[in-house]
Amino acid sequence: TMMHRPRGALLALLLLTSRSTSLQPRPPVHPAKATTSTMAATSTHECPSVADPHVLDIILASAVPGFLSYTVPSERVVQANAEGMRVLARFSSTAPEKLEGGGRGGGSTRVTLPADYDEDGIGTAELFVKRVSAPSYSHKSWTDLRRTLVYLRTEARFYHEIVPLLVSSSEVKGESRLAEHLPEVYGTSCDLSGLIPEDHPTTDAKHPCPYDEGDDRARDDALRGRGGHIVLQSLGSGRYFQDSPVSLEGSRQCLVAAARLHASAWGDREVLARVADRLSDAGGSYQLRFRNPKELENMVSSWEHFLTQFGSGGGRATEVLGRESVRELGRRVYEMAKYVSDKLSPAVDDEYATIVHGDYKSMNVFLPTNSDEPAIMIDFSCAGVGYGMSDLGMHIVHANLPSELDDGGEESLIESYLTALESMMSARTGREWVYPRKVAMRHYRLACVDYLRFIMGRFWRSATPESFEKKKYSKNTTLINRNLDAALRFIEKCDEYLAEFEGERRAAS
């Protein structure tokens with residue numbers, strides 16, 4: 001088990017349960033059943049749900065010295081690529097209270113698990129356990145299952161290996177503020193042996209399946225015991241919340257946090273080489289090389305489906321979707337997909353390359369209820385090398401209503417990010433540092449077109465007015481897949497941006 005401590009949150013898996021669920025412990029209380037060594041040996045043969053008491057025993061005993069028992073104050077959260085659960089862990093204060101960790105963001109500092117102690121010296125700490133069990137996703141094709149498993153590997157490596165490098169790289173006068181935007185992590189574990197080689201690139205979506213997909217027994221044998229977990233401090237105190245959409249001010253807080261992440265590795269080729277090797281040389285949940293090839297293959301039919309579903313209802317939708325350039329958008333995106341993706345995939349020695357979060361939706365940021373507190377970024381399962389603007393291209397349409405973005409709102413968000421980034425980089429480099437607006441906006445437009453390709457191929461192939469209505473209040477769903485006005489605004493924008501890059505490619509040929 002690997003442990004370190006960047007600072008205070010949980011995961012996007014929690015959604016809004018940290019705000020809406022009582023934190024009072026309730027029966028049943030689950031006492032520890034075995035020693036850590038016994039449980040660790042058992043865990044290599046079984047990999048059931050995180051809700052299984054024995055599994056939680058194994059995980060909590062590895063992360064909490066003196067672990068005694070736990071209670072479960074809320075239901076587990078199940079999403080497409082992981083499941084999670086808040087737990088109240090009890091431990092003995094007579095055991096070593098300090099965890100071997102990374103301190104505030106990395107290094108060798110020993111840190112104390114935040115807890116409340118009763119009169120008998122028994123501590124209680126609220127934690128969040130994220131679990132990925134490979135057998136739970138056996139219904140997925142190998143391409144999609146592999147992506148789920150790589151998400152876990154990337155996040156575990158980010159916390160254990162990369163965060164200390166980023167904190168060190170971003171120090172100004174011996175201090176780094178990156179750690180205050182990161183969650184406290186008390187333990188990580190990842191075992192994908194026999195499935196994905198340790199040195200295999202994250203982005204190889206065509207990596208062959210290591211078992212016969214038509215043989216259920218061979219599949220089950222290969223997946224058994226594979227997966228892992230991450231233990232974090234839960235944000236159940238009411239100090240933070242998640243939401244989507246958010247206000248422009250909330251989005252600005254998110255983008256300042258993103259700027260802090262980007263500034264931590266910008267121009268540091270040694271750190272970026274490590275990020276490329278251990279995380280991904282092309283970061284992002286929607287990176288073309290990371291996606292199922294069928295999404296691109298079916299792009300034209302996916303777009304034709306969307307036009308059929310939304311283009312005949314009259315009003316603005318009919319007008320926008322009836323434009324000739326828009327009607328051809330599926331073909332155009334298909335033909336330009338590789339060009340756009342390549343232009344958005346910098347090498348580690350690119351002047352503007354940095355580390356990107358890779359899945360920067362607003363639900364992957366905890367916003368403080370007190371504006372003096374920093375926003376905390378979570379879920380780094382898609383982190384890697386990229387242009388920082390790729391995080392903005394996703395975040396802005398995921399987090400903000402079109403009415404907020406009109407009349408200069410979108411431009412003001414981008415400028416807030418650039419101003420914060422330039423200030424951070426100037427402090428770090430000791431000289432005036434500028435991200436030329438022409439270059440920055442080109443990167444942003446590329447990111448928007450690339451995100452459109454992902455949404456069109458992954459989600460709009462099955463979108464209907466009914467599905468938009470059903471997902472209307474689904475905060476973890478991007479606004480452009482549940483709000484037609486947001487989708488139309490994004491389509492109009494990307495139609496214009498794509499025309500620019502089509503002309504650019506023609507001029508270069």
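**Largest pocket**

I looked up the lining of the largest pocket in this predicted model and found 33 residues, with Ala80, Asn81, Lys361, Arg458 and Phe459 nearest the centre. A pocket here is an open set of points on a 1 Å grid over the protein atoms alone, with protein on both sides within 12 Å along at least five of seven lines, and a lining residue has an atom within 4 Å of a point. I noted a volume of about 870 Å³, taken as the space filled by probe spheres set on the points. Residues are numbered from 1 along each chain; local features need pLDDT of at least 70, side-chain atom pairs count only at pLDDT 80 or more, and totals for chains, interfaces and linings use all residues. Side-chain values use heavy atoms, without hydrogens or water.

I then checked which elements supply at least two lining residues each, and found strand S8 (122-133) and helices H4 (142-169), H13 (389-399) and H16 (437-458). H4 has the largest share, five residues. Helices (H or I, at least four residues) and strands (E, at least two) are DSSP runs.

**Nonpolar cores**

I looked up the largest nonpolar core and found 96 residues, with Phe158, Trp303 and Trp460 making the most contacts inside it. H16 gives the most to this core, eleven residues. Such a core is a set of buried Ala, Val, Leu, Ile, Met, Phe, Trp, Tyr and Cys residues joined through side-chain atoms within 4.5 Å; buried means under 20% relative accessible area with a 1.4 Å probe, protein chains only. Apart from this core I found another of 20 residues, including Val55, Leu60, Tyr70 and Leu113.

For Phe158, leaving aside neighbours within four places in sequence, I listed contacts (heavy atoms within 4.5 Å) with Val163, Leu166, Leu279, Ile355, Phe380 and Ala383.

**Glu83**

I placed Glu83 in strand S4 (residues 83-92). Glu83 counts as buried because its relative accessibility is 4%. I found a polar contact of 2.2 Å between the side chains of Glu83 and Arg76; the term needs a pair of N or O atoms within 3.5 Å, one able to donate a hydrogen and the other to accept it, and residues adjacent in sequence count only if both atoms are side-chain atoms.

**Cavities**

I counted four cavities of 30 Å³ or more, a cavity being a set of points where a 1.4 Å probe fits but cannot get out.

How values were computed. Buried means under 20% relative accessible area, exposed over 50%, partly exposed in between (1.4 Å probe, protein chains only).
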